[in-house]
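Please keep the sequence and the 3D view at hand while reading.

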Amino acid sequence: MEWLLFKICVEEEKFEALFAALDSTDGGESGNGFNANHAFLMGTLSKCLTERPEEVSVSNSFALHVFNIQKHAAETLDFTCRGSSELPTGLPGIDVIGYSLVLLKDICAWEPSSSETEAPVDSLLQAEPSSLGTEPPVDSLLQAGLVKRLLKYLGELEPPSTIRKAMAKEQGDQQPAFATAKVCPYNGYRRDLVAVIANCLHGRKQVQDEVRQLNGIMLLLQQCVIDEGNAYLREWGLLAVKYLLEENEENQKEVSELQMQEPILTPEVAELGLRVEIDKKTGHPKLVNSS
């Protein structure tokens, strides 16, 4: 049944019609237009794409429909309640936005046809675009503003837990600057955002330049840390930065010119009896004894 659903929705391009038809069924609507049937369908399609990528041919229209669903979910979801579980959460709206990101991650992992470099980690669409008789659907997603929108979502989130804890300790009793920021609705949301961006960056200079022009370099650098509730965020963050800088002199130059303005004391460093200071001569950080 799962594979039949995938064939009908993806290869026969009936996804939009089926998703719309599920609105009229009794699936426990969550108040943002999504119900349990929507979540089940998105989860099933995500599972099939992950498990059988070599048998999959994803169309541009399917990719754009998934992106439209992700945008609608992001605009209607409540980002004030921090999620405490992985997908599926049992909450239709949250599961829909999560599975849409997982689908986009896998769709955007298609190897760039003009690049002979290694494929992205977790590259799930191995077929060459020419063998499917179409351009990679990631191209349509990029033209539709995928990277700009995901950077916006990422920038609206509170910082990763490692940074939050360090900032809270520095601020003491003062109200943290990120108190009104959005939170992750499920465990892995931040990681999934970064993963989609990373796969979009691989081998695509236009995306590298777009991230720089949108002032997204520092934002991606901030994702290269451990974050509670987002397993493997650091790994995906490092991969995104690697793809961001590869053979791009403008991005490399911007990173090389970054200067640390103020050190942040992380709990891990404090536990060792150390603190971070900025060397006045070099402008580089250095570790010194706290005592």
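## Basis of the description

Helices are taken here as DSSP runs of H or I with at least four residues, numbered from the N terminus. The model is predicted, and within it there are six aromatic pairs.

## The pair within helix H2

The ring centres of Phe15 and Phe19 lie 5.7 Å apart and their planes meet at 50 degrees, so this pair is classed as tilted. Because the two residues are four apart in helix H2, which covers residues 15-21, about one helical turn separates Phe15 from Phe19. Both of these phenylalanines, Phe15 and Phe19, are buried.

## The pair between helices H2 and H4

Phe15 also pairs with Phe62, in this case edge-to-face, with 5.1 Å from centre to centre and 70 degrees between the planes. Since Phe15 belongs to helix H2 and Phe62 to helix H4 (residues 60-76), the pair ties together parts that are 47 residues apart in sequence.

The relative accessible area of Phe15 is 1%, and that of Phe62 is 2%; because buried means under 20% relative accessible area, Phe15 counts as buried, and Phe62 likewise counts as buried.

## The cluster and a charge over a ring

Taken together, ring pairs join Phe15, Phe19, Phe34 and Phe62 into a cluster.

A contact of another kind involves Lys71, whose charged end sits over the ring of Phe67 at 4.6 Å from the ring centre.

Methods
Residues are numbered from 1 along each chain as its sequence is written. This is a predicted model: local features need pLDDT of at least 70, side-chain atom pairs count only at pLDDT 80 or more; totals for chains, interfaces and linings use all residues. Side-chain values use heavy atoms; hydrogens and water are left out. Rings of Phe, Tyr and Trp (its six-membered ring) pair if their centres lie within 6.5 Å; planes under 30 degrees apart count as stacked, over 60 as edge-to-face and the rest as tilted. Buried means under 20% relative accessible area, exposed over 50%, partly exposed in between (1.4 Å probe, protein chains only). A charge sits over a ring if NZ of Lys or CZ of Arg is within 6 Å of the ring centre and within 35 degrees of the ring normal.
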